[in-house]
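Here are a few notes to read with the model open beside you. Take the points in order and find each piece on screen as you go.

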Amino acid sequence: MFAFQILFSERYENKNGNSFAAVLKFIITAHSTGFVIMFAMNKFRLELTPFSLTVAACAAINIFLFNICSIKSFSKINISLYSVICTLGGMVLPFLAGIFFYDEEITAGKILCIILIIPALILTVNKDNSKGGLIYYIGVFITNGMSGVYSKFYQSGNYEKASEAGYSLQIAAIAVIICAIMLIFVKDKKPKMTAVPALFASGFGVLNSIGNFLLLIGLTQLPASAQYPFVTGGIMIISTIICCFTKNKPGKRDFISVALSLIAILALVFIK
């Protein structure tokens, strides 16, 4: 799901550009779709608690910043470099948070997984001469990583809180409200949200809502320092499989990257 999200957001940027209005419309469309899905999964119930609303608001603001940085990045760098920056942030920050703030165990499997995943990600980078996007690259790294940190913080909080679906729909609702209000004050609302970009944004919303819902459930059974490196390795493998069915066929470096990712996942699962 997370591998396909990158594809959908990149396709949206190709169709609708990366203006501020385009980003706001993307978030509104994607997370309206996500809200409907999570609302249905939660049996059309709202579970509002002070803790859930507070963390959901922080996570929604993080989503807003992540999408701005992501769509702006696509005009600066190729999708392979974006994927590396995004997945590294999504792996490293939750991993460090789990180790340093939640006393998660450091195992040989985790260390070996990190050692293998980093070169696997670097191998996927294509040469790119674009400049001027450093702030967006850093933003993608931090905000994607913080998404996992917020999820871990929520699941670890000893307060009255909503279920995973209830929390997820609150994030979606707040993200939509924030962006809808901001869109009112944007003078140039072009481009229009036509059927094709709306389909890409909605597809992203479906995958994002369900994917993050599953990650929240996973955190009840797995430490963040194990789950997020596992997800990163999976993204590398699935992204390469996706490329096999596009014009940009994977090369030798990509297959080496996949092999390293697979070994990293096996190390995480079987080495204690």
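1. Start with a pair of helices (DSSP runs of H or I, at least four residues, numbered from the N terminus). The axes of helix 5 (residues 108-122) and helix 9 (residues 224-243) come within 10 Å and cross at roughly 30 degrees. That angle is why helix 5 counts as roughly parallel to helix 9 (angles under 35 degrees get that label). The axes here are lines fitted to C-alpha atoms over the stretch in contact, with angles from 0 to 180 degrees between N-to-C directions.

2. Who touches whom? On helix 5, look for Lys110, Cys113, Ile114, Ile117, Ala120 and Leu121; on helix 9, for Ser225, Ala226, Pro229, Thr232, Gly233 and Met236. Contact means heavy atoms within 4.5 Å.

3. A quick caution: this is a predicted model, where local features need pLDDT of at least 70, side-chain atom pairs count only at pLDDT 80 or more, and totals for chains, interfaces and linings use all residues. Residues are numbered from 1 along each chain as its sequence is written, and side-chain values use heavy atoms, leaving out hydrogens and water.

4. Now try helix 6 (residues 134-156), where you'll find Ile142.

5. The buried residues of helix 6 include Tyr137, Val140 and Thr143.

Definitions and conventions:
Helix = DSSP H or I, 4+ residues; strand = E, 2+ residues; numbered from the N terminus. Buried < 20%, exposed > 50% of the residue type's maximum accessible area, 1.4 Å probe, protein only. Parallel < 35°, antiparallel > 145°, perpendicular 65-115°, else oblique.
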